[in-house]
Amino acid sequence: MSTEREEPAEIQVSRNPLTRGLWLSLGLTFVALGSVGIVIPGLPTTPFMLLAAACFARSSERFYSWVITNPIFGAQVVRYRAGHGLRPSIKLLGSTLASLFIGYAVLFGISAEQNKLRALVAAFGVFGVWFILSRPTDRGED
């Protein structure tokens, strides 16, 4: 990976205070989930921070700056927002964990009587895994 600092994607903070507040709340939720991922093995941090950065880009320059300058995950967020994609290890971990959790929910977590809910959760799970795998792969080349 390059040691040069790449220019992050442009941010557009919403002018509407209600919309800005909703984006900020969502961003803080993703930061909380990502922070848990730092200390809990197996829970990915970077995807949540990517979502947080996208939310903060619409709500708070200060929080957006905090995400992209963070020494733990900031460089990956900047590379993703600059169009480089996700590292293969993040794609593998994210798609594997999503498959495991969705599979468990469909097979064991949702009762057999709720077939429509099972099908809906399975469909969302397949879409989520496809989405992760369809993102560009960052091989560290510039």
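A crossing of two helices is left-handed if the near helix is turned anticlockwise from the far one by less than a right angle, and right-handed if clockwise.

## Model and conventions

This is a predicted model, in which local features need pLDDT of at least 70 and side-chain atom pairs count only at pLDDT 80 or more, while totals for chains, interfaces and linings use all residues. Residues are numbered from 1 along each chain as its sequence is written, and side-chain values use heavy atoms, with hydrogens and water left out.

## Overall architecture

The protein has 6 helices and 0 strands, so that the order of elements from the N terminus is α-α-α-α-α-α. Helices (H or I, at least four residues) and strands (E, at least two) are DSSP runs, numbered from the N terminus.

The C-alpha trace spans about 50 × 40 × 25 Å along its principal axes. Of the 142 residues, 31% count as buried; buried means under 20% relative accessible area, exposed over 50%, and partly exposed in between, with a 1.4 Å probe and protein chains only. Among contacts with a separation of 6 or more, 66% come from residues 24 or more positions apart, where contact means heavy atoms within 4.5 Å.

## Packing of α1 and α2

Helix α1 (residues 17-39) and helix α2 (residues 46-56) have axes that come within 8 Å and cross at roughly 160°. This makes α1 roughly antiparallel to α2. Axes are lines fitted to C-alpha atoms, for helices over the stretch in contact, and angles run from 0 to 180 degrees between N-to-C directions. Angles under 35 degrees count as roughly parallel, over 145 as roughly antiparallel, 65 to 115 as roughly perpendicular and the rest as oblique.

The crossing of α1 and α2 is left-handed. On the α1 side the contact is made by Trp23, Leu24, Leu26, Gly27, Leu28, Phe30, Val31, Leu33, Gly34 and Ser35, and on the α2 side by Phe48, Met49, Leu51, Ala52, Cys55 and Phe56. By class, these residues are 13 nonpolar, 3 polar and no charged. Ala, Val, Leu, Ile, Met, Phe, Trp, Tyr, Cys and Pro count as nonpolar, Asp, Glu, Lys and Arg as charged, and the others, Gly among them, as polar.

## Packing of α2 and α3

The axes of α2 and helix α3 (residues 61-69) are 8 Å apart, at an angle of about 150°. These two helices are therefore roughly antiparallel to each other, and their crossing is left-handed. Met49, Ala53 and Phe56 of α2 meet Glu61, Phe63, Tyr64 and Val67 of α3. The contact of α2 with α3 has 6 nonpolar, no polar and 1 charged residues.

## Salt bridge

The whole structure holds 1 salt bridge, defined as a side-chain nitrogen of Lys or Arg within 4 Å of a carboxyl oxygen of Asp or Glu. The side chains of Asp138 and Arg79 form this pair, at 2.7 Å from N to O. Asp138 is in the segment after α6 (115-134) and Arg79 is in helix α4 (residues 74-81), so the pair links distant parts of the chain, 59 residues apart. Both Asp138 and Arg79 are buried.

## Two partly exposed residues

Ala82 lies in the loop between α4 and α5 (88-109) and is partly exposed, with a relative accessible area of 36%. Ala82 and Glu10 are 72 residues apart in sequence and 9.4 Å apart in space, C-alpha to C-alpha.

Leu133 is found in helix α6 and is partly exposed, at a relative accessible area of 47%. Leaving aside residues up to four places away in sequence, Leu133 touches Lys91 and Ser95.
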